[in-house]
Amino acid sequence: MTQCELDLYEMHVRAGNIVRAGESLLKLVSDIKQYLILNDFPSVNEAITQNSKLFRTKQTECDQKLMNLRDDMAADLYDLEEEYYTSVYK
């Protein structure tokens with residue numbers, strides 16, 4: 001009878017140790033995943049570089065459009081000034 005109780009207690013202890021070891025492994029895997037996600041500097045730097053290039057391209061496009069708009073407005077203003085100063089109705 002005592003041997004049976006001893007075996008039962010030993011099984012409970014070993015089962016508890018197995019469960020604890022499994023939980024430790026799951027936590028370790030979770031920590032490794034978190035570390036890799038947070039400290040993956042090459043991919044983070046690559047994403048930042050890509051975004052930077054994209055935004056610089058957009059900035060260049062916007063600057064070019066603004067320059068074209070400025071040139072068109074200056075030409076139109078020149079034409080309007082010329083029309084105003086040569087008008088007989090001023």
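The paragraphs below go through a predicted model, from its domains to its side-chain contacts. Local features need pLDDT of at least 70 and side-chain atom pairs count only at pLDDT 80 or more, while totals for chains, interfaces and linings use all residues. Residues are numbered from 1 along each chain as its sequence is written, and side-chain values use heavy atoms, with hydrogens and water left out.

The chain is assigned domain 1 (1–39) and domain 2 (40–89), with bounds from an automatic or database domain assignment. The C-alpha centres of domain 1 and domain 2 are 64 Å apart.

Helix α1 covers residues 2–38; helices here are DSSP runs (H or I, at least four residues), numbered from the N terminus. A nonpolar surface patch of about 540 Å² is formed by Leu25, Leu28, Ile32, Tyr35 and Leu36. Patch residues have over 30% relative accessible area and no salt bridge, and nonpolar side chains (Val, Leu, Ile, Met, Phe, Trp, Tyr) are joined within 5 Å. Areas come from the Shrake-Rupley method with a 1.4 Å probe, and for residues only the protein chains shown count as cover. Leu36 lies in helix α1 and is exposed at 54% relative accessible area (buried means under 20%, exposed over 50%, partly exposed in between).

The whole structure has 3 salt bridges, each a side-chain nitrogen of Lys or Arg within 4 Å of a carboxyl oxygen of Asp or Glu. One joins Glu10 to Arg14 at 2.7 Å, N to O. Glu10 and Arg14 are separated by about one helical turn, because they are 4 residues apart in helix α1. Glu10 is partly exposed at 36%, whereas Arg14 is exposed at 53%. Another salt bridge links Asp31 and Lys27 at 3.3 Å, N to O, and this pair also lies in helix α1, 4 residues apart, about one turn of the helix. Asp31 is partly exposed at 35%; Lys27 is exposed at 52%. Asp71 and Arg70 also form a salt bridge, at 3.2 Å, N to O, with Asp71 partly exposed at 41%.

The structure has 1 aromatic pair (Phe, Tyr or Trp rings, the last by its six-membered ring, with centres within 6.5 Å; planes under 30 degrees apart are stacked, over 60 edge-to-face, the rest tilted). Tyr84 and Tyr85 make this edge-to-face pair, 5.2 Å centre to centre with 70 degrees between the planes. Tyr85 is exposed at 55% relative accessibility.

Finally, the cysteines. There are 0 disulfides by the rule that two cysteine sulfur atoms lie within 2.5 Å. Cys4 is exposed at 53%, and Cys62 is partly exposed at 46%.

Methods. Buried < 20%, exposed > 50% of the residue type's maximum accessible area, 1.4 Å probe, protein only. Patch = residues over 30% accessible without salt bridge, like charges linked within 9 Å, V, L, I, M, F, W, Y side chains within 5 Å. Helix = DSSP H or I, 4+ residues; strand = E, 2+ residues; numbered from the N terminus.
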